[in-house]
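Here is a friendly walk through one protein model. Please keep the sequence and the 3D view open as you read.

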Amino acid sequence: MRIMLWRISVWLLAGLLPVALLVGSPLQAQQQCAYLHIDGATATAIGVLWSHGFDDDDAQVAGLARVVTACRLERVRRLVPDTLASGMRIGNDYSLVFGVVTAGDAELASQFLSTLLAEQSAGEILTDDFVALAVARAALAADDAEFVYPGDVLLARARQHFGRGTAFARPPAGIASAIAKLTPAMVRKAMRVDVPVRMAVLGVVDAALINAIRPLAPTFATRVRGEFVCADPRALREMTEDRNDRADSPYVSAAFALPADVDRAALAVGVQVATSRAFRRWRMRGMEQQARAPFVTWSWLHADPLLRFCRRGENPARLLPGERPQASVLDEVRATTAELRALLADLRTVPPSEAELGLARAALRSRLGLPGPGQKSAWASEPATLPGRLQVLLLAAHHGVDVSKIDNVDASQVHAAVKLVLNTVRSSWHALLPGQDNVFGYRRR
């Protein structure tokens, strides 16, 4: 009986009745830690989420969040070297560090968390050289996102349009020139800033582990972060065009700003339907995934403020000396744009079928769902899968995501949410063209 009562209490703390019950509850206001025991798990994942991301940085240090998180991760790796794995993730409004420890090692888990939450300077652990290296890596990643990867370049253009006058207008991973100016002293000072945090423990969770970690749980709460809503989401009258030497074919993107009143559970189902239709309609023409330019991009879990669609043009052919192309790169942009507009028209006019809804819900449950008491999952026994589920637990609480809501939306609600977002008044179109096209040609289509 004691074991059963303990297990029930653990599930309640984990917020699995459902996750939304954890958000804003009196218990959460006292302790910002979620515990989730997974039947069949062989390890324990632990993590801390700071309520500060790229868009929370001041403009003069845009991208500092990545450097701070990298230093926190490196410090805990040096002081707690016996973890099975560790890593980090940074988003628009959060920074997250996780670790995986052997099942039952409450002492190591406690040491990992206490090190992450320590406020002392990292000077005695991280040298100036390492901090400088972290700064250089963050600056390179920011430069890549703004100028190299086609999908991120197109995102930067959409953010610039929709985020006028706000931090959202900045590139998605910070400003490389601002990051490059960061000094070790500035980074160490930022590491000591008091930021609201959440904690989570997932996998093998027993009484000894909870007792070891409970004293470390922060007693101050952070509210659920609201989704960013564009203040002035006017449509861009004409498609912007940029040249990029890394693009081997044109990319066309359409971005839509989410209205404040959209049903995000219904939209999540609708976006999954849109993704399925895109894959049925189109074939990949190159390395869209490596280019960070998937067909459809929006995440309920990450509270994305934009829904984006992207289509890569056909592969060009090298012209022989004196040969004239059937079509120019601008012709290919127009043809690719027509493909994208046809998909959007289909989504606006054709409601999702019951079969599409079923597949969409199953896909969302697979990505966002967490097993309940007595439920076993095939992934549970593999420690490498735990960090992903830990991030779901943390980000769902951070952004108020309740995956159970997808079962309560019908086809009309899903279609209404999609049509509300795909309003041309809230759209922004951008094209990325290859840097040089005089030696290449496209087929006429």
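## A pair of helices to begin with

How are H11 and H15 oriented to each other? Helix H11 (residues 264-281) packs with helix H15 (residues 411-421) at an angle of about 85°, and their axes are 8 Å apart, so H11 and H15 are roughly perpendicular to each other. For these labels, angles under 35 degrees count as roughly parallel, over 145 as roughly antiparallel, 65 to 115 as roughly perpendicular and the rest as oblique. The axes are lines fitted to C-alpha atoms, for helices over the stretch in contact, with angles running from 0 to 180 degrees between N-to-C directions.

On the H11 side, Ala266, Leu267, Val269 and Gly270 take part, meeting Gln413, Val414, Ala417, Val418 and Val421 of H15. Contact here means heavy atoms within 4.5 Å.

## What kind of model this is

This is a predicted model, in which local features need pLDDT of at least 70, side-chain atom pairs count only at pLDDT 80 or more, and totals for chains, interfaces and linings use all residues. Residues are numbered from 1 along each chain as its sequence is written, and side-chain values use heavy atoms, leaving out hydrogens and water.

## The protein as a whole

The protein has 15 helices and twelve strands. Helices (H or I, at least four residues) and strands (E, at least two) are DSSP runs, numbered from the N terminus. Of the 445 residues, 55% are buried, where buried means under 20% relative accessible area, exposed over 50% and partly exposed in between (1.4 Å probe, protein chains only).

Among contacts between residues at least 6 apart in sequence, 85% join residues at least 24 apart. The protein exposes about 19,700 Å², with carbon and sulfur atoms supplying 54% of that area; accessible areas come from the Shrake-Rupley method with a 1.4 Å probe.

## A five-stranded sheet

Five strands make an open sheet with mixed pairing, in the order E1-E5-E2-E4-E3. Its edge strands, E1 (33-37) and E3 (85-90), each pair on one side only. Neighbouring strands of this sheet are turned by 15° against each other on average, direction ignored. Two strands count as paired if DSSP finds at least two bridges between them.

Now follow E2 (residues 43-50). E2 pairs with E5 (residues 197-203) in the antiparallel sense over seven bridges, and with E4 in the antiparallel sense over eight bridges. Glycine 47 stands opposite alanine 200 in E5 and opposite phenylalanine 98 in E4. E4 also pairs with E3 in the antiparallel sense, over six bridges, and serine 86 has glycine 99 in E4 as its bridge partner. E3 and E4 form a hairpin with four residues between them. Because seven of its eight residues are buried, E4 is largely enclosed by the rest of the structure.

Helix H14 (residues 386-399) lies across E1, E2, E3, E4 and E5, running at about 140° to E5.

H4 has a helix partner too: H4 and H5 (residues 106-117) pack at an angle of about 140°, with their axes 9 Å apart, and are therefore oblique to each other. Arg72, Arg75, Val76 and Leu79 of H4 make the contact with Gln111, Phe112, Thr115 and Leu116 of H5.
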